[in-house]
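Visitor: Could you take me through this model, one element at a time?

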Amino acid sequence: MECGQRQRCRGDSLVHAVEELPLAERSSVMSDVIVLMTTKRFGCAGIVDADGALIGVITDGDLRRNMGDRLLAESAGDVMTGGARTIGPDALASEALAIMNSLSITNLFVVEDGVPVGSVHIHDCLRAGVVAVGPIDLAGKLLRHHSDLSDDRYREFVRLLSVA
């Protein structure tokens with residue numbers, strides 16, 4: 001087992017604490033969000049609602065796609081991508097790495113009851129020697145976290161992963 005392989009996404013050295021996270025409200029002005037993203041250096045900002053629940057994310061890519069005269073005056077809610085990719089606090093670091101690899105993203109917010117409690121960055125996983133779980137293992141984990149998948153959709157998902 002590689003170093004960090006069995007680490008969970010709750011309170012370990014791979015997880016950035018909530019105080020470190022780049023979080024902004026939906027109504028935040030983009031000029032402030034860009035400063036936050038630059039200061040926190042995660043390459044993204046999580047967008048939360050009034051109750052603190054994660055409702056979206058703004059990435060460096062979103063900034064490039066929305067570049068224009070009005071970007072700095074727009075609200076975070078206008079620029080964000082809804083449905084940020086997340087992982088639960090009891091997930092293994094290897095699961096987080098597998099998800100980030102499969103989605104070509106560099107950061108996953110760790111959420112509990114929809115509220116961000118931390119963040120895992122791909123660079124931290126790689127520095128710790130974490131190895132991603134296999135695609136079939138990942139499919140099972142995803143099914144447990146996304147119980148809205150029908151059996152047919154799950155089987156198709158597993159079939160596609162098997163041929164990849």
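Predicted model: local features only at pLDDT ≥ 70, side-chain atom pairs only at ≥ 80, totals over all residues.

Visitor: How many of the 11 residues of helix α4 are buried?

Guide: Helix α4 covers residues 93-103, and a residue counts as buried when its relative accessible area is under 20%.

Visitor: Which residue just after α4 takes a positive phi?

Guide: The place to look is just after the helix, where phi is about 55°. The residue with this positive value is Ser 104.

Visitor: Which strands does α4 touch where it packs on a sheet?

Guide: The sheet in question is an open one of four strands with mixed pairing, in the order β1-β8-β7-β6. Its edge strands, each pairing on one side only, are β1 (15-17) and β6 (86-87). The direction of α4 makes about 130° with that of β7, and the strands that the helix touches are β6, β7 and β8.

Visitor: What is the bridge partner of Val 110 in β8?

Guide: Strand β7 spans residues 107-112 and strand β8 spans residues 115-121, and the two pair in the antiparallel sense over six bridges. For Val 110, the bridge partner in β8 is Gly 118.

Visitor: What angle does the direction of helix α1 make with that of β4?

Guide: Here the sheet is open and mixed, with four strands in the order β2-β3-β4-β5, and its edge strands are β2 (23-25) and β5 (81-82). Helix α1 (residues 30-40) packs on this sheet and touches β2, β3 (44-48) and β4, and the angle between its direction and that of β4 is about 75°.

Visitor: Which residue of β5 is the bridge partner of Gly 56?

Guide: Strand β4, residues 54-59, pairs with β5 in the antiparallel sense over two bridges. In β5, the residue that partners Gly 56 is Gly 82.

Visitor: Is Asp 124 buried or exposed, and with which side chain does its own side chain make a polar contact?

Guide: Asp 124 lies in helix α5, residues 122-127, and its relative accessibility is 15%, so the residue counts as buried. Beyond its neighbours within four places in sequence, Asp 124 is in contact with Leu 14 and His 16. Its side chain makes a polar contact, at 2.7 Å, with the side chain of Arg 127.

How values were computed
Residues numbered from 1 in each chain as written. Heavy atoms only, no water. Buried < 20%, exposed > 50% of the residue type's maximum accessible area, 1.4 Å probe, protein only. Pairing = 2+ DSSP bridges. Contact = heavy atoms within 4.5 Å. Axes fitted to C-alpha atoms, helices over the stretch in contact; angles between N-to-C directions. Polar contact = N/O pair within 3.5 Å; in protein donor to acceptor, adjacent residues only side chain to side chain.
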